[in-house]
Amino acid sequence: MAWFRVETGEDQSRRALVNVPSRLILRGRVVTMDEAATVIEDGVVAIEEDKIVYVGQGDQPLAPSFANGPVVETGGTIYPGLFELHNHPAYNAIPLWSISTRFPDRRVWRGAADYRRHVSSPAALLTHDPTSENAKAVVRFVECRALLGGVTTTQGLSLGTTASATVEQYRGLVRNTELPDNPAWPTAVDQINDFESQAEAAKKYGTILNDSSHPFLMHVSEGTDDAALRAFDYLKRPDGCWLVGRNFIGIHCTALDKSRIQAMRASGGLVWSPLSNFLLYGATTDISEFTNAGVPLALGSDWAPSGTKNLLGELKVAKAASKQLGAILSDLDLVRSVTSTPANMVGWANSLGSIGAGKTADLLIVDTLDGDPYANLISATEKDLVAVLIGGRPRAGRASILDPRTPGVERIHVASQDMVLDLTVSPTHPLANMTLAEATRTLSYSLEHLPEAASEFSEKHALFATAQPLFVHLDMDEGYAAELVAGSRPIGPGDVDPMELDPITSIDDSTFRQRIWANPNLPEWLRAAL
């Protein structure tokens, strides 16, 4: 377990190395994200094991059991860990896609040769290679990418073996809405493809419509054309009523018009990914109408090929889009969209999404105390991250807070400063010996040598057909990957290009903003805002 550096004694320059105990006190500005939007300018958060047991003023006495507990002077602002309801982590080691055309809907770009060459084929080669550490490297890299952006809950990864059809949700460092750690938390179900008929919608979704134990996250009406719009109509029953209930959570909904948005009033909410919408379609969801209809709003960064690197980036795009529409979302609204609102949408709000006694201690600490606390988070980048705790355990933090000499932790550099990652897991965990540095080296080499990987892919799978290697499930392209594995769809060195692994954080990616600017679909006002 990583060690906190804790201020001790009269001399505040003196540091003591203290192992994270069963009881811990964090001090700083506390942004609770509770219903009253309580902010404690000088507050403390007392943690016991994985739970928050007290939140209050920093100058008030604590319970006797905490009297001698270590106090971590964070020097910053403490938020709930960021909660994300839309991501495709299996693709997040793929570089930003250089999109040259405007697509009318998702089916068009998923069927495009350019998408196959620059996204699905590289992703399949990385995640389904039976003889390398690529699959493990992908998992380690994409989890750290989320963690370094303050994300503590996201949509999860799925793992399986090429020799069997078994696919299991992955239990890792960052929480997975599809595999809850707590049996009291509802298990989310994810649906990517549009329904093809009312009968299919009734069969796949109708059976869990009134089952609150299964929030139903569906990518629906993604695009701007009539085909995307009509996809939503399969959710209408023959009697004219909409097959939309409180556990239905719509992702994108970009094509929906005002009348159909009214049908979403009965839903659990909307997950909005503005940058990905703009890069692919040149437009985004009509959040003004969704807001007017009272539909809860959450943010998702979507994925690496056409999205931001994490929710810290997506917040900035969302604020710019809101400003363009007349500032329809306040800074508080936006911060709720990555904390308390998504936690409530999936039924996890009793434990996560806000800071309070009895809550699980998933926390993000940002190093500034100045200004509005909500604008403060929206303007933050990875360089401002002080620490991220999951279940009371620091998983990432500055070396000034977490001691890099602790056995098992890893020192990295973000924005030219030392950071510490605690990626330790049980010895039997699939990623027990995979560091971020090793994952980065592995993926960098593999992306640079994609043509060679393509030329050897079929032969490798023929040789290792019974080895049951680990692979990462590609939620949008698993059918294609399975064809590659089976040899029914050959792939050769001319079908992919060498690629360069993008830096894991936006602050360290010197070309990221310029590559976004180069997208022809980006509106001029957003190009200027970024």
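## About the model

The structure is a predicted model, in which local features need pLDDT of at least 70, side-chain atom pairs count only at pLDDT 80 or more, and totals for chains, interfaces and linings use all residues. Residues are numbered from 1 along each chain as its sequence is written, and side-chain values use heavy atoms, with hydrogens and water left out.

## Helix H3

Let's start with H3, which covers residues 134-147. Helices here are DSSP runs of H or I with at least four residues, strands are E runs of at least two, and both are numbered from the N terminus. The expected span of a helix is 1.5 Å times one less than its number of residues. For the 14 residues of H3 that gives 20 Å, and the end C-alpha atoms are 20 Å apart, which agrees.

H3 is mostly covered, with 13 of its 14 residues buried. Buried means under 20% relative accessible area, exposed means over 50%, and partly exposed lies in between (1.4 Å probe, protein chains only).

## Two partners of H3

Two packed helices are described by the angle between their axes and the distance between the axes. Axes are lines fitted to C-alpha atoms, for helices over the stretch in contact, and angles run from 0 to 180 degrees between N-to-C directions. Angles under 35 degrees count as roughly parallel, over 145 as roughly antiparallel, 65 to 115 as roughly perpendicular and the rest as oblique.

The axes of H2 (residues 113-127) and H3 come within 7 Å and cross at roughly 110°, so the two helices are roughly perpendicular. Leu 125, Leu 126 and Thr 127 of H2 meet Asn 134, Ala 135 and Val 138 of H3; contact means heavy atoms within 4.5 Å. With H13 (residues 436-448), the H3 axis comes within 8 Å and crosses at roughly 120°, so this pair is oblique. Among the H3 residues that meet H13 are Phe 141 and Cys 144.

Asp 194 sits in the loop between strand S12 (189-191) and helix H4 (198-204). Asp 194 is buried because its relative accessible area is 11%. Beyond residues up to four places away in sequence, Asp 194 touches several others, including Arg 107, Glu 200 and His 219.

Ser 340 belongs to helix H11 (residues 340-345). Ser 340 is also buried, with a relative accessible area of 14%. Leaving aside neighbours within four places in sequence, Ser 340 is in contact with Met 33 and Gly 353.
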